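Hi,

Here is the structure I promised to pass on to you. Have a look at it first, and then read on for what I found in it.

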Amino acid sequence: MAANLPNIIIAIDGHSSCGKSTVAREIARRLNYIFIDSGAMYRAVTLYCLRNAIIFNGIVDKQKLLTHLDAIKVYFQLNPQNQHNDIWLNGENVEDEIRLLEVSQHVSPVAAVAEVRHLLVSLQHEMGLAKGIVMDGRDIGTVVFPNAELKIFMTARADIRAQRRYDELTAKGEKVSYEEIMANVIERDRYDETREQSPLRKAPDAVVLDTSFMNREEQLEWVLNLVSKI
Ligand code: CDP
């Protein structure tokens, strides 16, 4: 499979915290592809907004955001320590900071701003020019790469997703409660699915993967099996 696989685009979309990035990263590693976490790009813009008082009391000041858009430089750079493509914001590696719950709690309204999406989608198109990528997000199979050769739509039960994200954040030492994570998972799904711009939808030709009762190894096997059929 992997040895003869032509360079294709693999699009993985789905609900929050269902394991998309973990599977996507591992698939990319096995295929010698580039993994692109598009959610990290939206999170980096959100971090910029939080730091520059563009979000106040949970409300995004859209006019202010638009005046700052040219100053927001978001890009990936290889981290030689772990070979991950880390996300950078204006010269700073923000890979860890963008995962904080505070960023998760503000990202959806920022990602709903059309101009933010235009900016990030054009960067994502550039990254996909040579193909050989696995990109995960919300609109990859529907809007960013509607011609992707393989599309997967991942989901899982909300309580299971919340538990996984809770375990992940507490393992990193973040003080969070299961209840606030659960509320964020539900609210982000609702916001992402009902926004006007590129709402989260399963592409008609995407294959659904429900990871509720699958461990990481089983999820990986499932996707590799699909890839082997291309
Ligand atoms: O990893 P997790 O499921 O928590 O989310 P993420 O992939 O890091 O994405 C964070 C947020 O960015 C999502 O809740 C969406 O609001 C937004 N996003 C988007 O609008 N479009 C994408 N292609 C990727 C993320």
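The axes of H2 and helix H5 (residues 114-127) come within 11 Å and cross at roughly 145°. Axes here are lines fitted to C-alpha atoms, for helices over the stretch in contact, and angles run from 0 to 180 degrees between N-to-C directions. Helices (H or I, at least four residues) and strands (E, at least two) are DSSP runs, numbered from the N terminus. The crossing of H2 and H5 is right-handed; a crossing gets that name if the near helix is turned clockwise from the far one by less than a right angle, and is left-handed if anticlockwise.

Which residues of H2 and H5 meet? From H2 they are Ser38, Met41, Tyr42 and Val45, and from H5 they are Val116, Arg117, Leu120, Val121, Leu123, Gln124 and Met127. Contact means heavy atoms within 4.5 Å. Eight of the residues in this contact are nonpolar, two are polar and one is charged. In this count, Ala, Val, Leu, Ile, Met, Phe, Trp, Tyr, Cys and Pro are nonpolar, Asp, Glu, Lys and Arg are charged, and the others, Gly among them, are polar.

A word on the numbers: this is a predicted model, where local features need pLDDT of at least 70, side-chain atom pairs count only at pLDDT 80 or more, and totals for chains, interfaces and linings use all residues. Residues are numbered from 1 along each chain as its sequence is written, and side-chain values use heavy atoms, with hydrogens and water left out.

Next, the sheet. Five strands form an open sheet with parallel pairing, in the order E2-E8-E1-E9-E10. Two strands pair if DSSP finds at least two bridges between them. At the edges are strand E2 (34-37) and strand E10 (207-210), each pairing on one side only. From one strand to the next, the twist averages 20°. Strand E1 (residues 9-14) and strand E8 (residues 133-137) are joined by five bridges, and Ile12 stands opposite Asp136 in E8.

Helices lie across this sheet too. Helix H2 (residues 38-51) lies across E2 and E8, at about 40° to E2, while helix H9 (residues 216-228) lies across E1, strand E9 (150-155) and E10, at about 160° to E9.

Now for the pockets. On a 1 Å grid over the protein atoms alone, a pocket is an open set of points where a 1.4 Å probe fits, with protein on both sides within 12 Å along at least five of seven lines; lining residues have an atom within 4 Å of a point. The largest pocket holds about 990 Å³ of space, a volume being the space filled by probe spheres set on the points, which are joined across faces, edges and corners. Its lining has 38 residues, and Ser21, Asp37, Arg99, Arg165 and Glu168 lie nearest the centre. H1 gives the largest share of that lining, six residues. By class, the lining has six nonpolar, 11 polar and 21 charged residues.

The second largest pocket has about 270 Å³ of space. H1 gives the most to its lining too, with three residues, and the lining divides into five nonpolar, five polar and two charged.

Finally, look at Met182 in helix H8. Leaving aside neighbours within four places in sequence, Met182 is in contact with Ala158, Asp159 and Ala162.

Enjoy exploring!
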